[in-house]
Amino acid sequence: MKAKPSGSATTKKPEEPKEVKSKTQTIELNIKLCCGNCVQNVRKALDDVKGAEKVGCEQDLNKVYVTCTVQPEII
């Protein structure tokens, strides 16, 4: 009977963030929004994220609000 080498390591893939089912949350992000193009680019980028349902931007406060059904790490 052969013993397993003590230094053998198995490669494990890191777990991907999972979509939260039926739990909607609103995330507040602090993003510098210096102009209308910045607002448009942030909205466009977040609209492409699966699970992001609604995006709101307040340029004067440099705040972006995202209503989503995914973990904040994904946003």
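Two strands pair if DSSP finds at least two bridges between them, where strands (E, at least two residues) and helices (H or I, at least four residues) are DSSP runs, numbered from the N terminus. The views show a predicted model, in which local features need pLDDT of at least 70 and side-chain atom pairs count only at pLDDT 80 or more, while totals for chains, interfaces and linings use all residues. Residues are numbered from 1 along each chain as its sequence is written, and side-chain values use heavy atoms, with hydrogens and water left out.

**View 1. The pairing of β1 with β3.** Isoleucine 27 stands opposite valine 66 in β3. The strands β1 and β3 run antiparallel and are joined by six bridges.

**View 2. The open sheet.** Three strands, in the order β1-β3-β2, make up an open sheet with antiparallel pairing. Because β1 (25–30) and β2 (52–58) each have a single partner strand, they stand at the edges, and one side of each is left without a neighbour in the sheet. On average, neighbouring strands of this sheet are turned by 20° against each other, direction ignored; axes here are lines fitted to C-alpha atoms.

View 3. Lysine 63 belongs to strand β3 (residues 63–68) and is buried, with a relative accessible area of 19%, where buried means under 20% relative accessible area (1.4 Å probe, protein chains only). Its side chain is joined to that of glutamate 28 by a polar contact of 2.8 Å, that is, a pair of N or O atoms within 3.5 Å, of which one must be able to donate a hydrogen and the other to accept it, and residues adjacent in sequence count only if both atoms are side-chain atoms.

Methods:
Buried < 20%, exposed > 50% of the residue type's maximum accessible area, 1.4 Å probe, protein only. Axes fitted to C-alpha atoms, helices over the stretch in contact; angles between N-to-C directions.
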